[in-house]
Amino acid sequence: MYRRFFAIGACSLLLFGQAQAQENLHPYLTDKFVLYAGGFFPKLNFNVTVDGSIEGENLGIDFEEQLDLPTSDEIFSGELNWRFGELWSLRTQYFNGGRVGDTVVLEKDIEWGDEIFPIGVSAKGSADLEIMRLFFGRALETQPNVDGGIGFGVHRIDVSAAISGTLVSEGNVITGAKRKVKEGAFLPNIG
């Protein structure tokens, strides 16, 4: 984790040095390529339902409450902008974060599809988020400190969740089992 923050700091210093060398114009407005790296620390609440045919309500799983997942995360973000003409640009962005909880003793059953992690067993949960964005834009108004425009693009969002522990499947007890679900979608982006 510390390597990631060191890399972010080094990239920031390089970009700051370039900005000072170009008569106080932001490199975003003048450079052909601009690379950003950073991070943020959101507060999260993650609930999952894994559908199955077990009779019952198929209740959602609150990962923070039931599996002791941390309520905050360090999410890495990176962005590369390519200005390939005076008015045209292509922007790519990437966000990645993941959390792993401590091993806990379950205080109630967790239904995972057609299987159950029963009350009283040890289990461990995790959740991951990955977002990629591709955005094509055209500048409409560019001044020394302003860049306004319009564009379109697409986001790819992938979310996954997993539980490791002892589970019951078709009456059989399975120790050391890991069950994972992952879902992704493309979403249009207009800006």
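How many helices and strands are there in the protein chain? The protein chain holds 3 helices and 11 strands.

The model is predicted, with local features requiring pLDDT of at least 70 and side-chain atom pairs counted only at pLDDT 80 or more, while totals for chains, interfaces and linings use all residues. Residues are numbered from 1 along each chain as its sequence is written, and side-chain values use heavy atoms, with hydrogens and water left out.

**Figure 1. Overview of the protein chain.** From the N terminus on, the order of elements is α-α-β-β-β-α-β-β-β-β-β-β-β-β. Helices (H or I, at least four residues) and strands (E, at least two) are DSSP runs, numbered from the N terminus. Of the 191 residues, 35% are buried; buried means under 20% relative accessible area, exposed over 50%, and partly exposed in between (1.4 Å probe, protein chains only). Among contacts with a separation of 6 or more, 64% join residues 24 or more positions apart, a contact being heavy atoms within 4.5 Å. The chain exposes about 11900 Å², of which carbon and sulfur atoms supply 57%. Accessible areas come from the Shrake-Rupley method with a 1.4 Å probe, and for residues only the protein chains shown count as cover.

**Figure 2. The nonpolar surface patch.** Phe33, Leu35, Leu80, Trp82, Phe84, Trp88, Phe136, Phe152 and Ile190 make a nonpolar surface patch of about 900 Å². Strands β1 (33–40) and β4 (75–83) are the elements that give two or more residues to this patch. Patches are made of residues with over 30% relative accessible area and no salt bridge; like charges are joined within 9 Å, and nonpolar side chains (Val, Leu, Ile, Met, Phe, Trp, Tyr) within 5 Å. Phe33 is located in strand β1 and counts as partly exposed because its relative accessibility is 49%.

**Figure 3. The salt bridge between Arg99 and Glu64.** A salt bridge is a side-chain nitrogen of Lys or Arg within 4 Å of a carboxyl oxygen of Asp or Glu; by this rule the count is 4. In the pair formed by Arg99 and Glu64, the closest N and O atoms are 2.8 Å apart. Arg99 belongs to strand β5 (residues 88–100) and Glu64 to helix α3, so the pair ties together parts 35 residues apart in sequence. Arg99 is buried at 5% relative accessibility, and Glu64 is buried at 12%.

Figure 4. Side chains of opposite charge can pair when their charged atoms come close. Arg179 meets Glu115 in a salt bridge with an N to O distance of 2.7 Å. This pair links distant parts of the chain, with Arg179 in strand β11 and Glu115 in strand β8 (residues 115–117), 64 residues apart. Arg179 is partly exposed at 23% relative accessible area, whereas Glu115 is buried at 13%. Arg156 and Asp158 form another salt bridge, at 3.0 Å from N to O. Here Arg156 is partly exposed at 24%, and Asp158 is buried at 10%.

**Figure 5. Two loop residues with positive phi.** Most residues other than glycine have a negative phi. Asp68, which is not a glycine, has a positive phi of about 55°. Asp68 lies in the loop between α3 (63–67) and β4, and is partly exposed at 40% relative accessibility. Glu170 likewise has a positive phi, near 55°. The loop that holds Glu170 runs between β10 (146–169) and β11 (172–190); at 77% relative accessibility, Glu170 is exposed.
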